[in-house]
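Here are some notes to read alongside the structure. Keep the viewer open and look up each residue as it comes up.

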Amino acid sequence: MAIALVLVLVVVGSIAFHVLSPWWWTPIASNWSYIDHTLIITFWITGAVFAAVVLFMAYCVWRFRHREGNKAHYEPVNKRLEGWLTVVTAIGVAAMLVPGLFVWHRFITVPADATEVEVIAQQWQWNFRLPGTDGRLGTSDNRLVSFENPLGINPDDPNGQDDIVVEAADLHLPVDKPVKMLLRSIDVLHDFYVPEFRAKMDMIPGSVTYFWLTPTRTGTFEVLCAELCGTGHNFMRGFVMVDSEEDYAVWLGEQQTFAQLTEALQTSRADSDALGTTTAQGDAEN
Amino acid sequence: MVDITPGPVDAVPPAEVPEVELYHPHSWWTKYVFSQDAKVIAIQYSGTAMAIGLVALVLSWLMRLQLGFPGTFDFITPEAYYQFITMHGMIMVIYLLTALFLGGFGNYLIPLMVGARDMVFPYVNMLSYWIYLLAVLVLVASFFAPGGPTGAGWTLYPPQAILSGTPGGQDWGIILMLVSLILFIIGFTMGGLNYVVTVLQGRTRGMTLMRLPLTVWGIFTATVMALLAFPALFVACVMMLFDRVLGTSFFMPALVEMGEQLSYGGGSPILFQHLFWFFGHPEVYIVALPAFGIVSDLISTHARKNIFGYRMMVWAIVAIGALSFVVWAHHMYVSGMHPYFGFFFATTTLIIAIPTAIKVYNWVLTLWRGDIHLTIPMLFALAFIVTFVNGGLTGLFLGNVVVDVPLSDTMFVVAHFHMVMGVAPILVIFGAIYHWYPKITGRMLNEVMGQFHFWVTFVGAYAIFFPMHYVGLVGVPRRYPEIGDTAFIPDSVHDLNAFITIAALIVGFAQMVFLFNLFWSLKFGREAGGNPWRATTLEWQTSETPPAHGNFGKELPVVYRWAYDYNVPGANEDFLAQNDPGAAKAAQPA
């Protein structure tokens, strides 16, 4: 009868583990508490079904275990019972699916007032781009990626000149403002994953994917890559700082635009070219 | 009472094809090596699958050692870790589970259970095995190739799969992987056509489709699905091979690798994902449906009771098989595909829960008012229900598109699919081996070793994968060789990881006992006799055990009833074999 006892212990142990263990999701920092709620509904329904099925099994194993002279009951089918069970199951499934699809609809409906922030992933670092004062991001193309233009921003697009470029540094977001995260990759698949935001999405070279959220509390949150992107996958980290309005403005003021960066690079290249020429002359003289 | 076993018992329809002369082997080589006997091929398939499965088991130990004790083992570099997980996954899903269920159990059981002398195309059946073996050898070769095997993850997503940032991407690893898969699919197709045609054309007199044991229904439906799903993987592999070797751009957009512009352009990485999962999701059920079928027969036989709702069980298998072709993109909710797909695929995915739940209900209702013999096969069947229900229910989290968003790509997913398509089907495989080993060898497997194997495997596997869900819920991503210092992950998660690793090592050790038992009982096992479980299906009614070439004696059996006449009211015995004409009228639940 060990098996009947173990089946009961599996149920009791699983529920105890769920309730008592310290392992649970990290506190949320975005508007997606809807997702958490749907997850909780799912936990309740599936937990009840799991307990019911396994406990019923344990009872059967104990009650109908083989003893001398036992005979099994011969009952090939019971359509009524099957019908009932199908209906109850369908209701349970609908109770999870309907709120799920409702929340999904919200998830994919980006509010009109969301500001755009672009995340550009590469092996194995995060870069970001914010629209400048015109509120629009310039176009981009992986074909334009070069040492001078690591994010592939179109230099001929006037909308891109005032874009703020954050290369391999932290992203800041203002609290309580909806943002649309535009996701782009210059090499392989990546996935922009901040556990506290709940939302995540893959980035695909050649496409721009997106999701949206509203950060709901200030703080520093770690960015991880959640789509296998090569041997550096687990080292591909970054930070998102959710700031108050004032702090955000201060940070924004310290950032450089695409035009400024390009100019700085051209200047320094001119310098190094000049230096290179001198060295070459020096070599020739020797 | 309603009509369960269609057609009146005394109306035995003729077999659909006349008997053909079998190929008779002339030498040891053609009898045991290049054999055309489905039973020998089955053992070849099973032996090869278990041998390569052992490699996958060792790989799982290595990856668990790294996860449980990061930084302790210098030889497990990130490159090596990715190679371990990739090869572990690919071997388990394709080369072990698919090969063992279809090539192993399919070959052994289909002809015997439908009352055929052999598969319909024995020569092609033999070729199927040898091409499978070649596929396995090519796979193994990648371990010894320069750069080692591919570390692209078992999903092989481009672009990274064929680029230098991934182990084997610019070496031989990915090429050998793709070639091996292509060979596997060619070999499988040869075997698969055989299984389907044998079920449809090779049944003996009286064996109507609705009298087939559910084992045959499960393997048959899974094979039909595999024949339809594998071509998608075949195409994806060929195209990726072209991208890698010839420089085409089927899956490769314009991209920059480590600061260098590559010449690719115009391809679609997400197209590969659609092709992969068009195969990959049915693949889950290709592994699950044979397990569903087999476990139904184990439960019925060892509970001495008819399977509850046979007709519904058959239709559920067929419905699940069909539905599984329209749910594939639930693996891609966060892939960046069009967001409206989420509504469609979440709905189809959750609908599949209904026929699946019906199967679970019918298994436990078969136990209700049974005469349950707690044999080792029965214990494994019970453990299967627990793990399958657990893993199936977590599928409702991941299938429900918005709930999947925070959980996808975390350890929750790893825990889910291991529970539902790793642990659960493998428990059925064990139960099935304990159940049919007496027929295959004539001897019983040792009971004491069997009990040890069962308890450690069941409790241990649950202890590995149940807590792992919570590692994912905390937010630990999958495919991380180590988490490192991360603020949102409490230190206790590392302890839990160490616990899981220790459990995995113990469960792995128990499998060595099982393997030892397989060999030990061959010589020292108790003599089984022809029908030790007093089961109804035809394989237990053969004149010889193990069954000779040609399976049955001079005459093929004639089938008078379904496979589940246990404890029929009025019958003398507690079972009536399918080919037992006696007391037939009283037995029919007309």
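In which loop of chain B is the place of Pro546(B)? Pro546(B) sits in the loop between α15 (492-524) and α16 (584-587) of chain B; here helices (H or I, at least four residues) and strands (E, at least two) are DSSP runs, numbered from the N terminus.

1. **What you are looking at.** This is a predicted model, in which local features need pLDDT of at least 70 and side-chain atom pairs count only at pLDDT 80 or more, while totals for chains, interfaces and linings use all residues. Residues are numbered from 1 along each chain as its sequence is written, and chains are lettered from A and ligands numbered from 1 in the order in which they are written.

2. **Confidence.** The model has an ipTM of 0.92 and a pTM of 0.94. The pLDDT (the predictor's confidence in each residue, from 0 to 100) averages 91 in chain A, where 95% of the residues score at least 70. Chain B averages 93, and 95% of its residues score at least 70. Please take care over residues 1-8 of chain B, where pLDDT is below 50. In chain A, residues 279-286 stay under 50, and the model gives them 0 contacts beyond four places in sequence; two residues are in contact if their C-beta atoms, placed from the backbone, lie within 7 Å. Where pLDDT is low, the predicted coordinates should not be read in detail.

3. **Two cis prolines.** Back to Pro546(B): the peptide bond that joins Thr545(B) to Pro546(B) is cis, with omega about -5 degrees. Another cis bond runs from Pro158(B) to Pro159(B), with omega near 5 degrees. Pro159(B) is in the loop between α4 (122-144) and α5 (173-201) of chain B. These are worth a look, as most residues other than glycine have a negative phi, and most peptide bonds are trans.

4. **Positive phi values.** Leu156(B) also lies in the loop between α4 and α5 of chain B, and its phi is positive, near 55 degrees. Is Leu156(B) buried or exposed? Leu156(B) is buried, because 23 other C-beta atoms lie within 10 Å (buried takes 20 or more, exposed 12 or fewer, partly exposed lies in between; C-beta atoms are placed from the backbone). Met258(B), in the loop between β1 (256-257) and β2 (260-261) of chain B, has a positive phi of about 50 degrees. Met258(B) is exposed, because it has 11 other C-beta atoms within 10 Å.

5. **Where the chains meet.** In total, 82 residues of chain A are in contact with 97 residues of chain B. On the chain A side, α3(A) gives the largest share, 15 residues. By class, that side has 48 nonpolar, 21 polar and 13 charged residues. (Ala, Val, Leu, Ile, Met, Phe, Trp, Tyr, Cys and Pro count as nonpolar, Asp, Glu, Lys and Arg as charged, and the others, Gly among them, as polar.)

6. **The core.** The largest nonpolar core has 290 residues, and Met57(A), Phe380(B) and Ile385(B) touch the most other members. Such a core is a set of buried Ala, Val, Leu, Ile, Met, Phe, Trp, Tyr and Cys residues joined through C-beta atoms within 7 Å. Helix α3 (residues 78-114) of chain B gives this core its largest share, 25 residues. Because domain 1 (2-64 + 79-108) and domain 2 (115-269) of chain A both give residues to it, the core lies between them; the domain bounds come from an automatic or database domain assignment. Beyond four places in sequence, the contacts of Met57(A) are Leu7(A), Val364(B), Leu367(B), Leu382(B) and Ile385(B).

7. **Strand β6(A).** Which residues cover the two faces of β6(A)? His190(A) and Phe192(A) are on one side, Asp191(A) and Tyr193(A) are on the other, and all are buried. Strand β6(A) runs antiparallel to β7(A), with 4 bridges, and antiparallel to β9(A), with 2 bridges; strands pair if DSSP finds at least two bridges between them. Phe192(A) has Met201(A) in β7(A) as its bridge partner, while Tyr193(A) stands opposite Leu224(A) in β9(A).
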